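Hi,

Here is the structure I promised to pass on.

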Amino acid sequence: PCFINGENQFVAVADKRGFVEVWDIEKRKAVKSFQVESKEWIYSSASAQGVLAIAGQDKTVRLYDVSTWTCFYTQKFNCHGGSLHLTDDLRYVTVAGYDENKTDRCVVLKVQ
């Protein structure tokens, strides 16, 4: 899970079927839910400046505008991810994980 924009009002959680839910913590209810196209396990998320980044088993990073919940950027990466980071200026996404040989990897993607 991750807090949207690093604040404590909304938190995004995801599951193994590709569903993402955004919860209002104070009201204790989901305010938005959607499923990514691949319907595969989402294991990492990060948020900054009105953008939610998610990555999953399909080895794709997706960026969503949290004001409209539209996906405006997708990029494939070449590792099995474990963690995800979105820079505050929204220029880079990093995915840390491992490759097919179980060797540690860190992939840096430039958002274009």
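**Strands and salt bridges**

Ala-14 has Val-20 as its bridge partner in S3. This is a predicted model, so a few ground rules: local features need pLDDT of at least 70, side-chain atom pairs count only at pLDDT 80 or more, and totals for chains, interfaces and linings use all residues. Residues are numbered from 1 along each chain as its sequence is written, and side-chain values use heavy atoms, with hydrogens and water left out.

Back to the strands, which are DSSP runs (E, at least two residues) numbered from the N terminus. Strand S2 (residues 10-14) and strand S3 (residues 19-24) run antiparallel and are joined by five bridges. For two strands to count as paired, DSSP has to find at least two bridges between them. Four strands make up an open sheet, in the order S1-S2-S3-S4, with antiparallel pairing. At the edges stand strand S1 (2-3) and strand S4 (29-35), and each has a single partner strand, so one side of each lacks a neighbour in the sheet. As a reminder, strands of a sheet pair through backbone hydrogen bonds, either parallel or antiparallel.

Now the charged side chains. I counted a salt bridge when a side-chain nitrogen of Lys or Arg lies within 4 Å of a carboxyl oxygen of Asp or Glu. That rule gives four salt bridges. For accessibility, buried means under 20% relative accessible area, exposed means over 50%, and partly exposed is in between (1.4 Å probe, protein chains only).

One of them pairs Arg-17 with Asp-15, with 3.0 Å between the closest N and O atoms. Arg-17 counts as exposed because its relative accessibility is 51%, while Asp-15, at 22%, is partly exposed.

Another salt bridge brings together the side chains of Asp-58 and Arg-62, at 2.8 Å from N to O. Here Asp-58 is buried, with a relative accessible area of 10%, and Arg-62 is buried too, at 5%.

Then there is Glu-100 with Lys-59, whose closest N and O atoms are 3.0 Å apart. This pair links distant parts of the chain, 41 residues apart: Glu-100 sits in the loop between strand S10 (92-98) and strand S11 (104-110), and Lys-59 in the loop between strand S6 (51-56) and strand S7 (60-65). Glu-100 is exposed at 57% relative accessibility, whereas Lys-59 is buried at 17%.

Cheers
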